[in-house]
Structure formats: structure tokens, C-alpha cells
Amino acid sequence: MTTDPFTPLRTALALLSIDPAGLGGLWLRARHSPLRSAVIDALALRRMPPTVDDEQLFGGLDVAATLAGSKPVRRQGLLDGTPLMLTMAERTPPALAGRLAAAMDAGTLPTLVLLDEGEEDGAPAALTDRVAFHLSLDGLRLPPGVEPDFSSSVTPGEVETPPAALEALTITAARLGIDSPRAVLFALRAARAHAIHAGRATVTDDDMAAAAALVLAPRAMIVPDEQVDAPPPEQAENRPGEATAPEEMLVEAARAALPPDLAERMALARRRAAKGSGAGARRHGNRRGRPLAPRPGTPRSGDRLDLIATLRAAAPWQRLRRTASPDDTRPVLIAREDLRLKRFEDRSDRLLVFAVDASGSTALARLAEAKGAVELLLAAAYAKRDHVALIAFRGKEAEMLLPPTRALVQAKRRLAVLPGGGGTPLASALALAHETLDAAERRGLSPGLVLMTDGKGNVALDGGTDRAAATAETERLARTVAATGHPALVVDTASRPQPGARQLAQLLEGEYLPLPRADATRLASTITTALAP
Amino acid sequence: MTQPFPFSAIVGQDEMKRALILTAIDPRIGGVLVFGDRGTGKSTAVRALAALLPPIEAVENCVYNSSDVKTARGLWDAPKDAKLVSRPTPVIDLPLGATEDRVVGALDIERALTKGEKAFEPGLLARAHRGYLYIDEVNLLEDHLVDLLLDAAASGENVVEREGLSIRHPARFVLVGSGNPEEGELRPQLLDRFGLSVDVSSPADVATRVEVVKRRDAYENDTAAFLKRWRAADTKLRKAILAARDRLAEVATPDETLEDCAALCLALGSDGVRGELVLVRAARALAAHEGAETVTRAHVRTVAPSALRHRLRRDPLDEAGSGARVARAVEEVLG
């Protein structure tokens, strides 16, 4: 292997051009850069934003042309068997991901290139699972003045695959903790394409090593063991005999290509898995809820035509139009500007952000009780289909245990293993809560904050134990949160009600509830009334 | 349109396959809910089942696959010169972001605008009648669509009252949903609508995994040859399903079986009697499938986890596998 940093990229693009349908495509994570542009130019695909609607995807009736021509005029959709490039893939809503995944399975979308800006949330797993290559351009830079050529022209052909190849790749995938059988299939295809690329008639170890590095390594969930004779226990019992040379070599190849930030990515993957219906519940506000006055517009998918309002708008013009076009035989002459769309106002979903104080002072007294209370509230949230987010704070800073989700089992699981002890970084918790509330509001949710603490913040934002600075910061941040106008509730977890927590509630302009007097049901009903949107 | 993967060629996942076959034998069992990881063959199995099932007789041009010329309905009026044609069992995909119009049907705007005619554009519920309605990522489905589905599934009828349309047509379908529980909860009302529920996971041993990939690779490399290789197995299964359907009415259900089912549901504290009903029906379908003349305790035992797993009155936060709880109750009650 050469040390050219562009080799994986170059190889992936070449292989993709050899077997575009079999390999499904490419997930490219990169910020804007000349290199990224060069890759995009080399791919030369039709581009599609994540805001694409069904009509553009599947084709549909061109209302304007239909009205003008008095006969149905159809528009061709994007899913017509040509490869596509999805820009800003990290913003793909679940519904679009579902449709594209179905189209990829059905063959109407043979190849998909996912362009990801490399932000925290990646493209949906339903799509990344269906493309062979996951590439990141981080750390790659074009030397100035170089015009790279990523185009490739190799004629596809037939190659032989030795029967052992499949087994070796499967075992390698298992050792890297990859569950999806799709990964192995992609690796197999990549190995074949690599053989074609190299002009061979049979898949060799080189091809398989390249496939393992390109396809399997980026999907790795665990770092494979160094020792051959100590495979991970869960696979040990199921493996037929000792590892043989080929998969050892493949694991080696994959290990060499493992991303350095594997641990972080694994955490990210888990967090992403927990995100779930958060984005799915976004309200478009045009299908249900309280009806609003109709507005003029051209119906696209997701919109509903208000027929009565449309006819009403067309009515005054009938005589004029009839005179203007006496040959038109339509009983009612409707023009594009008559079309009216139905609109509805809908209440957005609620998000409860729980910030739980797990510091030493609380841990000693009542962390278990606070956990119990949160669990109870989670059960209530489940019944009301609320979203929840969980922030814990102890030691140096607050931590987002669970980003907004409806997967309550996750919330409970994270909460159960939450340890106690350390300082009280109340200011940090408020900062994180503010961020979460803000982000949730931008996503169209109605957020509320439940803060469970004794109010004795003693760790400043920089992690230092300066009580005065901590108090000042807490007050400032509490005011900031209050200014957003989101409902807040402070549950005092101290063994005896403290002025600190009550004061905090006042600063937050929220409700105050001391836990000692709060039995389970009372707590739940207080939350419901205090945080009613 | 690509040919679906043959049902018989799916490696492992026996519980899922059994649940799908049982609903094919007796659609009154209700739907199937498949929860599990990505790439475990959930969608593959559902699509494969459709190809496996025998075609249905339906009136040509009827929007909801009616089997009777008298009740058939065209886009607006009864179709002219109605005759019966053979169609594959419908398996309709319900995409997550589908609009209400697409699901229940709506006024055909195209015809209304261009010809000034009032016509009904049938929705997915009409097309799924007498077949399967498949929802991938069912736990992410928007609530208002869930409501629509619950209405239709409960009444077996789709009622459209909108934009000057007043239409009702039968909509009896087997609801098949799949999803990943990590991504969100399913509403309990919808959960209860599924007759059977199965959990699938990636195969743990390497040999099975190799076989999965091997077959998939063979299928994609030479689909025709692969289908040919598995045609005999699929045909055998199809005949078994048809034979089981015929036998179903004759399978005796002794009172002891009913008592077993009741005792089991009581022990698990499942709500309502839907659990008992599904359990009895599924056990009967299994007996018919195995060619038995009477439903026995063994049949009940086999289907109990699928039929009851999702009906336990549970703490929504309980993460202990409910399958284990059912197994324990089966052990205690049935010995």
C-alpha cells in the first residue's frame, strides 16, 4: 500500500464507478473544501436536497400545466433509476430516509451519494447502512495548485470469488462488531470490483484487504483484539475452530484503517440511535388540528386543496373567462390563482428536559428518591406521548445523558446507572438546559424544564470550585433561561427545603416544589399543571 | 420490478417466518409486529411472503379487490363488464410520511380539475384489502395516521367523508409492522392491534451469517437461477398454507385448550380477551399447518410467546424481555 492519503478516496470512487448499483453508493462526510468540490465534480450526479417532496421524488401532476392545457400533464420524478446525490444528508427527515431506503431496495434508486457536512448528527442509519463506503475527508487537504482527477474509467467484467472469501469477510465483520449482513455483502462486492480494477480475474487477498479497510473498518463498533487466541467472548463459542490466516489478515487491514476517533463515534452512534422519533414528530401544520383560513397556493404533496374556497375564488370570474375563451367546454373555469390550500393549526409536541443533580450533597440525601421521581414522571410522559431529555450534573460539568427522544427505556437505563458524588455544577447544567430548550424550540417542540436540585451550586462554568463565581453564573444563566419564557419547575431535593432552590425557582420564573412533601402522584400532577404549554 | 427473495431461502428467523405463515393461514389472527435490528431480513420476509401466497380472484378494475361482481366498485361507478381476474395477493407499503389522502383515498383532483368530474381516488387502504399492509419503522408513524389505521383495522371498513365525497368500502388487511425499538415506543393501542409480535436479532454464529450472505449474494448475482432453485420449496410451502386453510375449520379446539389459554392470559394479567382469542386462533392455525386434528397444549406453548409478548400490562419502562415473562408463565401454567 502506498502512503498517499488520497488512496482510499480514489479507490472508493473507482470501485463505485465499476459497480455503482451493487455497492449502493457512498457516504461522504466533509465540510466545504476544494477537495470536496473536486470529489463532487468527479461523481457528477443529480443533486437533491433533504427538503425534496414526494411530488419531486415520485413525479406527479403538474397542476399549472394541467390547468393551462386542460389535459393531465405529468412530471417525471427523481426516482427513475438514475443515481442521485443527497446534499445535507444529516438533515434528512425520517420519512424521506424511509422512502429513499425503500427505493434503494426496489431498485428505482440504484446509487445514492450522501453528502454530510460532518456535523454532529450524521445521515440517517437507514441510508448509511445501504451504501458501501463511508468516507471522511477530515484531515485531507489538496496541495495548492493541484487539480486532482478522481474520474475513473474501468470496464466492468467478471471475476471469480474463492469460496473462502465470503467466510473470511463474515468472520472479520463479526470480530469488528458489525451486525448488519449488508456490510459483508458490500465488502464482497467491493473485493470483486477491486479485482476488476486491478485487472485480475480472481479475487485475491489484496482485494479482500482493500475491501475490509474500505467497507468494514468505518463500520467497526469494537476494536478487534490483538491476540489471535483471545477473540471476544461472545464470538468465541460460536467460531468454528481457530481463526485462520485470511481473516486475521483482513482484521489487520481493517484495524489499520480504523478511524482514530472510534470511541467517540461509537458514543455518537449510540446517541443517534436513541434520537428516534424526535424529528419524526415535527408538525407540518397543514393536515390536522384547528382549521385556519385557507391560503392561495399550488398544492404540492402534503398540502390539501380547499375545494370550496377554490370554487369561491373562481366564481366571480366565470362570466369574464367564459367570454374570453368561449370554446372552453369545462363547466367551471378554474385558473391557477384560484387554488386555495387548507391550513391547520396544530399544537406541537411537548419536550420535558429533566436536569438531575447527582452531586455529593444530593447523592447522600436523596438521589435515589429523585431518580424514583423522574421515573414516575417518565411514565407520565409516556402516557402523554411527550418527548424527554435527560441532563445529569455532578463533578466538573453537566452532561447530556439522553438527547430529546421518546425512547423512554433509554432514559430509564441511563438514569439507573447514574452515579452520585462530586461538586454541584449548577451553572453548567443551566447552560446545557438552555441550549437544549432553545434547540427544541427551533425544531418546533414546546419544551419545559424540570430541575431537580438542592440549589447549592458550587462549581463554576470553568470547572473551578469558586462558590461566589458559581453563584453569580447560576443567577445569570437562570435569568437567561427565564427570558426564553419556557415553563420551569424546580424540585427541591434537599432533606429540608432550602432557600437556594426556592430562589432559583424565582429566578427561573418557575414553580417550586419541595420533594419531602411531594409524594409520587402529587409530583406528577404538579408537573402537568406547572408545565402545561 | 425486481423479483422478491424466496421465502424458503430466508435463513433462520423461524419465529418470524412462523408468525407470517400463521397469519396467511388465518388472517383473523391479526397483524404481525416485527421488532429488531437493521438488516435482519424484516422487509425481505414480508415481501417474500407476498410472492409466496396464492393469487386472489378479484373483479377487474375494482379499486378494492372485491371478489364479488355485485359489490365491486370502479373509480366512481360499478365497473362495466366486470369479470374476475387473478391478481397477486396485494402487499401495500405504507410510507412513514404518507398523507391522509394517500391512506384513505380522496377526491381525484386531476379529474375534478380537467374534466369537471367527481371521482374517487382510492387510497392505500383500498388497495390493501384482502392482502397485507406493510409499515416499516411503524414506531415512527405519525399519530394521526395511527388513528386512521386503528379505525380501519377495528371496523374492517374504510369510511371517507370529505370534500363532498361519501364513500365506504371494506378494508380488511393484515397489518405487518416492523421497527427498531431503540428508536421509539409504539403506542399501546396500536401494539394491541397486532395479533402476533416477534423479536428478531442478527444471527450470532458465524456459520449462519455466512449462509445469509451467501444466499443473498447468489440471489443478487443470478436472480433467475436462485429463484429456480428455491421454487420447489416455495411451492411446497404455498400448498401447505392452502391445505392448512382448508383444514382450519375442521381442527377441533377442545375445552381444555380454551382453559389453558384463559389461564395463561390470567396469569400474565393481559388486558381484555384479545389475547385469548389470538392465542386460540394462532394455535389452531399452527395445528392446521402441522396437519393435526386437534389443538394441543404443545401448539399453545409454541405460539404463546408471539401471541402474548406485547400484551402484558407492563410498566412502560420495563426493559426486561417480556418474552421471558411469557415463557415463565407458560412453564408455570402449562407445566
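Author: Gladly; what follows is a set of questions and answers on this predicted model.

Reader: How far apart are D143(B) and R187(B), in sequence and in space?

Author: They are 44 residues apart in sequence, and their C-alpha atoms are 8.6 Å apart in space.

Reader: And what makes E276(B) count as buried?

Author: Its relative accessibility is 18%, and the cut-off is under 20%, so E276(B) counts as buried. You will find E276(B) in helix α11 (residues 274–290) of chain B. Apart from residues up to four places away in sequence, E276(B) touches C261(B), A262(B) and C265(B).

Reader: Now to chain A. Why is strand β1 (residues 25–29) of chain A described as largely enclosed?

Author: Five of the five residues of this strand are buried, so β1(A) is largely enclosed by the rest of the structure. Both faces are covered: G25(A), W27(A) and R29(A) are buried on one side, and L26(A) and L28(A) are buried on the other.

Reader: How do you know that β1(A) pairs with strand β6 (residues 112–116) of chain A?

Author: Pairing asks for at least two bridges. β1(A) and β6(A) share five bridges in the parallel sense, so they pass that test. Within this pairing, G25(A) stands opposite L112(A). β1(A) is also joined to strand β7 (residues 133–136) of chain A, by four bridges and again running parallel. There, W27(A) stands opposite H134(A).

Reader: What makes strand β13 (residues 446–453) of chain A "mostly covered"?

Author: Eight of its eight residues are buried. S446(A), G448(A), V450(A) and M452(A) point one way, while P447(A), L449(A), L451(A) and T453(A) point the other way, and all are buried. β13(A) pairs in the parallel sense with strand β10 (residues 350–357) of chain A over seven bridges. β13(A) is also joined by five bridges to strand β14 (residues 488–492) of chain A, which runs parallel. L451(A) features in both pairings: it is the bridge partner of A355(A), and it stands opposite V490(A) in β14(A).

Reader: Which residues touch the most other members of the largest nonpolar core?

Author: That core has 60 residues, and L26(A), F133(A), V215(A) and L216(A) touch the most other members. Helix α9 (residues 181–197) of chain A gives the largest share of this core, 11 residues. Looking beyond its neighbours within four places in sequence, V215(A) is in contact with A132(A), F133(A), A183(A), F186(A), A187(A) and A190(A). A second, separate core of 59 residues includes I10(B), A45(B), A285(B) and A287(B).

Reader: One last topic, the sheet in chain B. What makes β4 (91–93) and β11 (196–200) of chain B its edges?

Author: Five parallel strands of chain B form an open sheet in the order β4-β7-β10-β1-β11. β4(B) and β11(B) each have a single partner strand, so one side of each is left without a neighbour in the sheet. Neighbouring strands of this sheet are turned by 20° against each other on average, direction ignored. At one end of that order, strand β1 (residues 32–36) of chain B is joined to β11(B) by five bridges, running parallel. There, L33(B) stands opposite S197(B).

Methods: Residues numbered from 1 in each chain as written. Chains lettered and ligands numbered in written order. Predicted model: local features only at pLDDT ≥ 70, side-chain atom pairs only at ≥ 80, totals over all residues. Heavy atoms only, no water. Helix = DSSP H or I, 4+ residues; strand = E, 2+ residues; numbered from the N terminus. Axes fitted to C-alpha atoms, helices over the stretch in contact; angles between N-to-C directions. Core = buried A, V, L, I, M, F, W, Y, C linked by side-chain atoms within 4.5 Å. Buried < 20%, exposed > 50% of the residue type's maximum accessible area, 1.4 Å probe, protein only. Contact = heavy atoms within 4.5 Å.
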